[in-house]
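Student: I'd like a close look at one part of this model, with its surroundings and then the charged pairs elsewhere. Please give me the cut-offs as you go.

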Amino acid sequence: MTPILKYSAMILAAAAAAGCSMFKNDDQDIRIAFGTVTQCENNLPTTIDADDGSHIRVASYLAQDITFRPQDRIAFNYTILKTPEETGDGTYRVRINDAQNMPLHTVILQSFIGQNPQHRNDSIGNDPIEIYSAWTAGKYLNLAVGINAGENYVRHIVNVVADDTDADGEGATNVYVRHNAYGENSSPLYKFYVSFDMGAIADGPGTAGMRLHWKTYSGNLTSSENLSLTGPK
């Protein structure tokens with residue numbers, strides 16, 4: 001349960017909130033992608049495996065106030081300098097215009113909570129959270145979320161809990177997005193991306209993917225469509 005320090009995160013584009021892994025702005029030739037950093041130099045990513053399968057080499061940066069390590073999850077705004085056809089090596093050469101580290105957590109299993117339910121449920125929290133988009137890539141579940149947070153810089157925790165003990169009536173694994181605000185529930189609404197390693201439920205009870213459940217600021221919601229993991233990258 002890694003805590004997320006509350007911050008006003010960069011919102012890359014409305015298209016990302018619609019669940020797209022990449023989009024193109026025809027006026028500026030700016031694209032949005034999500035992926036995993038594979039190599040770094042001086043704490044800056046030099047190669048990235050994008051969630052859509054693209055392999056990216058970073059040639060330059062407009063954003064310099066970013067720090068990454070290999071295997072970090074990244075959401076980034078970039079411009080293509082050379083296509084794979086132009087590089088001849090199957091990779092894109094890009095300029096990163098802006099980037100955000102996507103906090104990476106590991107799914108928590110319901111069987112683990114059941115060993116000490118009162119303490120662990122209290123720690124995980126059950127405060128409201130908004131989900132604007134959810135999508136999978138490889139073993140990762142990615143979320144664009146929003147939480148109410150004040151100016152006290154209280155640490156908030158966002159987790160996902162998977163019921164590994166039983167599937168629902170349609171054969172899906174129930175996954176619950178949980179938020180611990182530690183008593184803070186003031187505005188404004190901060191938006192950011194977060195990523196979860198769901199490898200622990202790849203062979204779980206559900207055969208029809210995952211069904212998300214979460215508590216919003218206006219009530220409880222359940223996803224209308226199931227999400228499926230495509231396997232480890």
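Predicted model: local features only at pLDDT ≥ 70, side-chain atom pairs only at ≥ 80, totals over all residues.

**Strand E12 and what lies around it**

Tutor: Let's start with the pairing: strand E9 (residues 108–109) and E12 run parallel and are joined by 2 bridges. Two strands count as paired here if DSSP finds at least two bridges between them. Strands (E, at least two residues) and helices (H or I, at least four) are DSSP runs, numbered from the N terminus. Residues are numbered from 1 along each chain as its sequence is written, and side-chain values use heavy atoms, with hydrogens and water left out.

Back to E12. Leu109 has Ala162 as its bridge partner in E12. E12 also pairs with strand E13 (residues 173–180), this time antiparallel, through 6 bridges. For Ile157, the bridge partner in E13 is Asn180. Buried means under 20% relative accessible area, exposed means over 50%, and partly exposed is in between (1.4 Å probe, protein chains only).

Now for a residue that touches this region. Ile129 sits in the loop between helix H4 (117–124) and strand E10 (130–137), and it is buried with a relative accessible area of 0%. Leaving out residues up to four places away in sequence, Ile129 touches Val145, Gly146, Ile147, Val158, Val177, His179, Trp214, Lys215, Thr216 and Tyr217; contact means heavy atoms within 4.5 Å. Take Val158: Ile129 is 29 residues from it in sequence and 8.7 Å from it in space, C-alpha to C-alpha.

Of its contacts with a separation of 6 or more, 68% are between residues 24 or more positions apart.

As for charged pairs, searching the whole structure turns up 3 salt bridges, meaning a side-chain nitrogen of Lys or Arg within 4 Å of a carboxyl oxygen of Asp or Glu. One of them joins Asp51 and Arg73, with the closest N and O atoms 2.9 Å apart. Asp51 is in the loop between strand E4 (44–50) and strand E5 (55–61) and Arg73 is in strand E6 (residues 73–82), so this pair ties together parts 22 residues apart in sequence. Both Asp51 and Arg73 are buried. Lys139 and Asp197 form another salt bridge at 3.2 Å, N to O. That pair links distant parts of the chain, 58 residues apart: Lys139 is in the loop between E10 and strand E11 (140–148), Asp197 in strand E14 (residues 189–197). Here Lys139 counts as partly exposed at 27% relative accessibility, whereas Asp197 is buried at 18%. Then there's Arg93 with Asp89, whose closest N and O atoms are 3.2 Å apart. Arg93 is partly exposed at 25% relative accessibility, and Asp89 is partly exposed too, with a relative accessible area of 38%.
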